[in-house]
Amino acid sequence: MDRESTQRPRLLEQVRRAARARQYSRRTEEAYAGWVRRYVLYHGKRHPAELNDGHVGAFLTHLAVERRVSAATQNQAASALLFLYEAVLRRPLQVPAGVLRPKQPRRLPTVLSRAEVRAVLDEMSGAPQLVAKLLYGAGLRLLEALQLRVKDLDFDRREIRLRSGKGGHDRMTMLPERLRPALQRQLAHVRRLHEADLQRNAGWVQLPGALDEKFPGAGRDLAWQWLFPATRTHTDPATGRIRRHHLHESAVQRAVIAAVKRARLAKHASCHSFRHSFATHLLEAGYDIRTIQELLGHRSVRTTMIYTHVLNRGGCGVRSPLDALDE
């Protein structure tokens, strides 16, 4: 093995380093590394530097035709390969647009009625139920709710601060008054759990960015603890610190799916259906589309406009002529 190959990081490590340098989320980093790995395996473990635009097109076509992945999944794979060639290998791709960026069909989101929301929530309990209530009551994404810290709740201003959400943006949303007692009980639980962790020389949590270096002891402060902590701790191999992660997404996802089944809903509802229902019910109540856009954290109002199609009334309040026959 030559000197250059021993000094240069392996390909997937180069991808991860490039993603971190651009401050991409950990999920994006892992997704991109996963697609690069699949791409290399598909072409017989050949290094991507030896492959050309045609090989990229063949892999993306394979995903669409043989694997029958969705347009969104194919687009994610395309983004990963674009990132690989442009950011890591420093070589732009020239792949036909139809292959590189397939058009995604517009699909209407699944929205629950108020009665259906109540029925599902009534079939849940514990931390997953409180998380689901936040998804519906504040319009949060699942990971946004699970990554809340103690300091992100402002009971006096009735606000929830969301930091580094989707796209890396911060925003504010409302803290439902109805959840105040439950959230205060959850905070008391976090405080007791954290005090017990401190007594056994644990109590660390992961901090965003470089805050670990800027504030060395902040990782053990109560303010930075997760609002929904995991039941188990783990030892960070890099530092030796005993850390506690937040509740895993799968725990809430499984609880919601089970609750939907017990409630006997005839809809394919998920955690994200609570966020869709939040936006739709606010529109039904007459709130301004721009206000809802800010609460949801959408970059463009065009994204929020999908909920007017869910209402099936657009901006004109169209009513079926059949409903007026007996008037």
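Biologist: At roughly what angle do the axes of helix α7 and α13 cross?
Modeller: First, this is a predicted model, where local features need pLDDT of at least 70 and side-chain atom pairs count only at pLDDT 80 or more, while totals for chains, interfaces and linings use all residues. Residues are numbered from 1 along each chain as its sequence is written, and side-chain values use heavy atoms, leaving out hydrogens and water. Helices here are DSSP runs of H or I with at least four residues, strands are runs of E with at least two, and both are numbered from the N terminus. The axes (lines fitted to C-alpha atoms over the stretch in contact, with angles from 0 to 180 degrees between N-to-C directions) of α7 (residues 114–122) and α13 come within 11 Å, and they cross at roughly 145°.

Biologist: Is that α7 and α13 crossing left-handed or right-handed?
Modeller: R114, V117, V120 and L121 in α7 meet F274, S277, H281 and E284 in α13, where contact means heavy atoms within 4.5 Å. A crossing is left-handed if the near helix is turned anticlockwise from the far one by less than a right angle, and right-handed if clockwise. For α7 and α13, the crossing is left-handed.

Biologist: α8 also packs on α13, so to speak, but are they roughly parallel or roughly perpendicular?
Modeller: Helix α8 (residues 126–138) and helix α13 (residues 271–284) pack with their axes 7 Å apart, at an angle of about 30°. Angles under 35 degrees count as roughly parallel, over 145 as roughly antiparallel, 65 to 115 as roughly perpendicular and the rest as oblique. That makes the α8 and α13 pair roughly parallel.

Biologist: Which residues of α8 make that contact?
Modeller: α8 passes α13 in a right-handed crossing. On the α13 side, the contact is made by C271, F274, R275, S277, F278 and H281. On the α8 side, it is made by A132, L135, Y136, G137 and A138.

Biologist: How are α3 and α5 set relative to each other, roughly parallel or roughly perpendicular?
Modeller: α3 and helix α5 (residues 71–88) pack with axes 9 Å apart, at an angle of about 85°. The contact includes A31, Y32 and W35 of α3, and T73, Q76 and A77 of α5. By the angle, α3 and α5 are therefore roughly perpendicular.

Biologist: Is L175 buried or exposed?
Modeller: L175 sits in the loop between β3 (171–174) and α10 (180–199). Not counting residues up to four places away in sequence, L175 touches L153, D154, F155, R158, E159, I160 and L183. Buried means under 20% relative accessible area, exposed over 50%, and partly exposed in between (1.4 Å probe, protein chains only). At 2% relative accessibility, L175 counts as buried.

Biologist: How far apart in space are L175 and A138?
Modeller: Along the sequence, L175 and A138 are 37 residues apart. Taken C-alpha to C-alpha, the distance between L175 and A138 is 6.6 Å.

Biologist: What is the phi of R158, one of the residues touching L175?
Modeller: Most residues other than glycine have a negative phi. R158 lies in the loop between β1 (153–154) and β2 (159–162), and at 46% relative accessibility it counts as partly exposed. Its phi is a positive value, near 55°.

Biologist: And what relative accessible area does K45 have?
Modeller: K45 is found in the loop between α3 (26–42) and α4 (53–65). K45 is not a glycine, yet its phi is positive, near 65°. K45 counts as exposed, because its relative accessible area is 66%.

Biologist: Which side chain makes a polar contact with the side chain of H246?
Modeller: H246 lies in strand β5 (residues 242–246) and is buried, with a relative accessible area of 5%. A polar contact is a pair of N or O atoms within 3.5 Å; within protein, one must be able to donate a hydrogen and the other to accept it, and residues adjacent in sequence count only if both atoms are side-chain atoms. At 3.5 Å, the partner of H246 is H245.

Biologist: What distance separates the C-alpha atoms of H246 and L227?
Modeller: Among the residues H246 touches are L143, L146, W226 and F228. H246 and L227 are 19 residues apart along the chain, and their C-alpha atoms are separated by 7.7 Å.

Biologist: What length does the polar contact between E144 and R141 have?
Modeller: E144 is in helix α9 (residues 142–146), and it is buried because its relative accessible area is 8%. The side chains of E144 and R141 are joined by a polar contact of 2.6 Å.

Biologist: Zooming out, what share of the 327 residues is buried?
Modeller: The secondary structure comes to 16 helices and 5 strands. Among contacts between residues at least 6 apart in sequence, 59% join residues at least 24 apart. Buried residues make up 42%.
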